[in-house]
Amino acid sequence: MKRLRYFLGLIAIVATLTIVIFYPIPSLLAWQSIFLKRVFFVLILCGLFCLWRILIGPTAADRAVGLDIMGILILGFCAILGIPTGRDWYIDIGIAWALQSFISILALGKYLEGRRFDE
Amino acid sequence: MIKRVILFIGAFFTWIFLSWDTDMEHIIVGIAIGIFVSFMTADLFEKRTLILVNLKRCPWFFYYIPLFIWECIKANIDGAYRVVHPDLPIRPGIVKVRTTLKSDTGLTFLANTLTLKPGTLTVDIDKENGFLYIHWIDVKTQGVEAATELIVHKFERILKKIFE
Amino acid sequence: MNEIFGLIFIIVGVAFDFFGCLGLVRLPDVYNRLHSSIKCVTLGTSSILFGLFLFKGFNEAGLKALLCILFLILTAPVTAHVLSRSAHKSGVKLWEKSVCDKYSEDKDALS
């Protein structure tokens, strides 16, 4: 039963990745930016995994872990989006998001531990 | 006092680097924010500021960085193998190891390095007695001394030469 | 030439991100999930940022990406440490097939 579930998941993931990456490219002129936009969909799949963990996590600590990983992934989103669009200010959004996520995870950890914020 | 001056220079150059503009307004705001940051938060940092400017310590630091990156890559391949394998080959557990580092900076670097090393994750630090509690994903031994020999010894030897 | 190397770094980084998030779904308890995901996601995102630096060269976005790598390597282990300690103190049990738990033994001996 466990083996069957593993192989079903493997087939689903491999099929999704194959459809996303090897879908025929219409023109070879701008293949780099088209390829980067497709790589971006893989990162969106990672974000859906994190949202799944935030949704069904049995304890509060699981949800905090999903939030932390999501905050680091958004930095990767902003870094990849800066290349095909040619806008340099996406990395600024990424830096600000990562700093804010770090501070909020520290505060959330103190709250889960059961202490006050000013100790 | 020299601690505050060095922190001011660091904060000012980080501000210039992030705003990426050398107008008069940016420089004035950067000086104001640098003075504020350096006078508010300088007490949190270490007493011995100029510890890395030393001919005995500096080459060990440049030896430490490539070793750290190599351990990171090995940790990633190991973690990907454990995740993809159908039977999940893990035997997790929290073990206790002993360390001989005393300074705050050395302990912080040791804990961060052990978190990014293959197979280990630092859970808590007991600073008075010198113990680290480590979550190990594939427990080989449960004794304190044997686990110290397997996990901590390689990096502790280098960090003791850098920060002690 | 730089763009080819940049694409290789970005593909490797996205692959490691994907394995880390797969570990977030598959592994059995909080510590193992944190264990798998924080390593793979940290080095994968650093690799993506280095690919951005190879694309952009020495200008505004590239140097900010290098600064971002330094910041990420310094702060990601700290969040892992804080989350695992607070999970243990808020009473999350380990997986039932775990081998040993010296931390809760020592905490029971102290209190």
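This is a predicted model: local features need pLDDT of at least 70, side-chain atom pairs count only at pLDDT 80 or more; totals for chains, interfaces and linings use all residues.
Residues are numbered from 1 along each chain as its sequence is written, chains are lettered from A and ligands numbered from 1 in the order in which they are written, and side-chain values use heavy atoms, with hydrogens and water left out.

**View 1. Where chain C meets chain A.** Here 42 residues of chain C and 46 residues of chain A take part in the contact, where contact means heavy atoms within 4.5 Å. About 4,100 Å² is buried between the two chains, with carbon and sulfur atoms giving 79% of that area. Buried area is the accessible area (1.4 Å probe) that two parts lose on being put together, summed over both. Look for Phe18(C), Leu24(C) and Leu83(C): they supply 15% of the area that chain C buries against chain A, more than any other three residues.

View 2. On chain C, helix 1 (2-26), helix 2 (30-56) and helix 3 (60-89) each supply at least two residues of the side that touches chain A. Helix 3 of chain C gives the largest share, 15 residues. Helices (H or I, at least four residues) and strands (E, at least two) are DSSP runs, numbered from the N terminus.

**View 3. The largest nonpolar core.** This core has 61 residues, and those with the most contacts inside it are Leu43(A), Ile69(A), Ile80(A), Ile10(C), Val14(C) and Leu49(C). A nonpolar core is a set of buried Ala, Val, Leu, Ile, Met, Phe, Trp, Tyr and Cys residues joined through side-chain atoms within 4.5 Å; buried means under 20% relative accessible area, exposed over 50%, and partly exposed in between (1.4 Å probe, protein chains only). Helix 3 (60-85) of chain A provides the largest share of the core, 14 residues. Zooming in on Ile69(A), you will find that it touches Cys50(A), Cys21(C), Leu24(C), Ser37(C), Ile38(C) and Val41(C), not counting residues up to four places away in sequence.

**View 4. Thr122(B) and its surroundings.** Thr122(B) sits in strand 2 of chain B and is buried, at 1% relative accessible area. A polar atom of the Thr122(B) side chain lies 3.3 Å from the backbone oxygen of Ala111(B). Leaving aside neighbours within four places in sequence, the residues in contact with Thr122(B) include Tyr133(B), Ile134(B), His81(C) and Ser84(C).

View 5. Ser36(C), in helix 2 of chain C, counts as buried at 7% relative accessibility. Beyond its neighbours within four places in sequence, Ser36(C) is in contact with Val83(B), Gly20(C), Gly23(C) and Leu27(C). Ala146(B) belongs to helix 5 (residues 144-151) of chain B and is partly exposed, with a relative accessible area of 35%. Between Ala146(B) and Val97(B) there are 8.7 Å in space, C-alpha to C-alpha, and they are 49 residues apart in sequence.

Note on methods: A polar contact is a pair of N or O atoms within 3.5 Å; within protein, one must be able to donate a hydrogen and the other to accept it, and residues adjacent in sequence count only if both atoms are side-chain atoms.
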